[in-house]
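I opened a new page for this structure. These are my notes, in the order in which I looked things up.

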Amino acid sequence: MSAPAAERWGAASGFAVIVVSAAAMVFERGAVLPADSADAVVAHYTGNRGAIFAQSMLFLAGAALYLWFLGSLRSFLLRAEGGTGRVSAIAFGAGVVWIGLSALAQAFQIGLAAAPAAAALPALIATMNAVFTISALPLAVLLAAVAAVTWRHHAFPAWLGWVAVVAAGAQILLWSSTVVGSGPLAADGWLSYALYPVFLVWLVPATVVMTGRSRRSPGPDRERPE
């Protein structure tokens with residue numbers, strides 16, 4: 001496979017991520033649960049065990065695809081940034097941390113769904129929710145780094161840099177919900193659920209741009225001032 005073709009397929013992995021994520025959402029069982037009732041949460045997970053297993057496995061498959069996409073994103077940003085690619089490396093590293101934490105959160109979710117009801121402790125539920133929301137912080141760093149390379153080196157169109165900033169802000173809000181005990185921003189609040197897919201608002205057009213530009217024949221890299 002030629003380098004341009006490999007680059008194009010790497011960028012297009014973002015589309016596969018979107019499809020897998022959409023499929024996972026079909027199995028969403030995010031009923032509004034009493035925040036102070038561990039028994040209700042346990043009943044929710046054990047009662048929807050099959051759907052939760054399917055959802056978690058799809059999200060884990062999406063995490064593997066995200067790793068592939070991150071490699072393409074790093075190359076895409078590095079071509080624009082030039083030099084040592086410090087900010088591009090920050091974006092890549094933050095993305096890897098985000099994916100790792102997301103996979104860990106899914107492991108907690110699978111464990112909770114698989115456990116007998118009597119074995120599911122409130123501390124396990126709280127830890128699972130915390131890992132889900134903490135993972136939003138490195139994702140915010142990734143999006144901020146993308147915005148920085150976009151505005152300084154024109155990696156993406158400027159408007160997409162602003163979309164990245166809005167998506168990063170949504171992730172910061174989601175991260176802050178780690179220590180919110182009640183209300184719409186709590187782990188089981190409606191706002192927390194609404195914030196999770198905001199990242200896709202950036203991912204879809206970013207994948208389109210990356211795939212479109214990879215179709216062009218690469219020319220010699222221009223030297224850019226540091």
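**Entry 1: M128**

Leaving aside its neighbours within four places in sequence, which residues is M128 in contact with? I looked them up and found Y45, A105, F108, Q109 and L112. I note that the model is a predicted one. M128 lies in helix α5, which covers residues 122-134.

**Entry 2: the whole protein**

I stepped back to see the overall make-up. The protein has nine helices and zero strands. Read along the sequence, the pattern is α-α-α-α-α-α-α-α-α. The protein has 226 residues, and 40% of them count as buried. Next I took the contacts between residues at least 6 apart in sequence. Of these, 75% join residues at least 24 apart.

**Entry 3: G111**

I went on to G111, which sits in helix α4, residues 86-114. Its relative accessible area is 34%, so I list G111 as partly exposed. From G111 to L124 the C-alpha distance is 9.3 Å. The two are 13 residues apart in sequence.

**Entry 4: α5 and α6**

How do two packed helices get described? By the angle between their axes and the distance between the axes. I applied this to α5 and α6. Their axes come within 5 Å and cross at roughly 5°. Angles under 35 degrees count as roughly parallel, and α5 and α6 are therefore roughly parallel to each other. Which residues meet here? On the α5 side I found F132, T133 and I134. On the α6 side I found A136, L137 and P138. By class, this contact has five nonpolar, one polar and no charged residues.

**Entry 5: α6 and α7**

I followed α6, residues 136-153, on to α7, residues 158-176. The axes of α6 and α7 come within 8 Å and cross at roughly 160°. That makes α6 roughly antiparallel to α7, since the cut-off for this is over 145 degrees. The crossing of α6 and α7 is left-handed. I listed the residues that meet. From α6 they include L137, L139, L143, A147 and W151. From α7 they include G161, W162, V165, I172 and W175. I sorted the contact by class as well: 17 nonpolar, three polar and no charged residues.

**Entry 6: the loops on either side of α7**

I looked at H154, found in the loop between α6 and α7. H154 has a positive phi of about 60° although it is not a glycine. Is H154 buried or exposed? Its relative accessible area is 61%, so H154 is exposed. Next I went to S177, in the loop between α7 and α8, with α8 at 190-195. S177 has 2% relative accessibility, so it counts as buried. What does S177 touch, not counting residues up to four places away in sequence? I found T133, L185, A187 and S192.

**Entry 7: α3 and α9**

I turned to α3, residues 49-81, and its packing with α9. The angle is about 60°, and the axes are 12 Å apart. That makes α3 oblique to α9. The crossing of α3 and α9 is left-handed. From α3, the contact is made by Y66, F69, S72, L73 and F76. From α9, I noted residues including F199, W202, L203, M210 and R213. By class, the contact of α3 with α9 has ten nonpolar, two polar and one charged residues.

**Entry 8: V208**

I ended in α9, residues 198-214, where V208 is found. V208 is at 47% relative accessibility and so counts as partly exposed. How far apart are the C-alpha atoms of V208 and A11? I got 8.4 Å, for two residues 197 apart along the chain.

Terms used
Residues numbered from 1 in each chain as written. Predicted model: local features only at pLDDT ≥ 70, side-chain atom pairs only at ≥ 80, totals over all residues. Heavy atoms only, no water. Axes fitted to C-alpha atoms, helices over the stretch in contact; angles between N-to-C directions. Helix = DSSP H or I, 4+ residues; strand = E, 2+ residues; numbered from the N terminus. Parallel < 35°, antiparallel > 145°, perpendicular 65-115°, else oblique. Left-handed = near helix turned anticlockwise from the far one by under 90°. Contact = heavy atoms within 4.5 Å. Nonpolar A, V, L, I, M, F, W, Y, C, P; charged D, E, K, R; others polar. Buried < 20%, exposed > 50% of the residue type's maximum accessible area, 1.4 Å probe, protein only.
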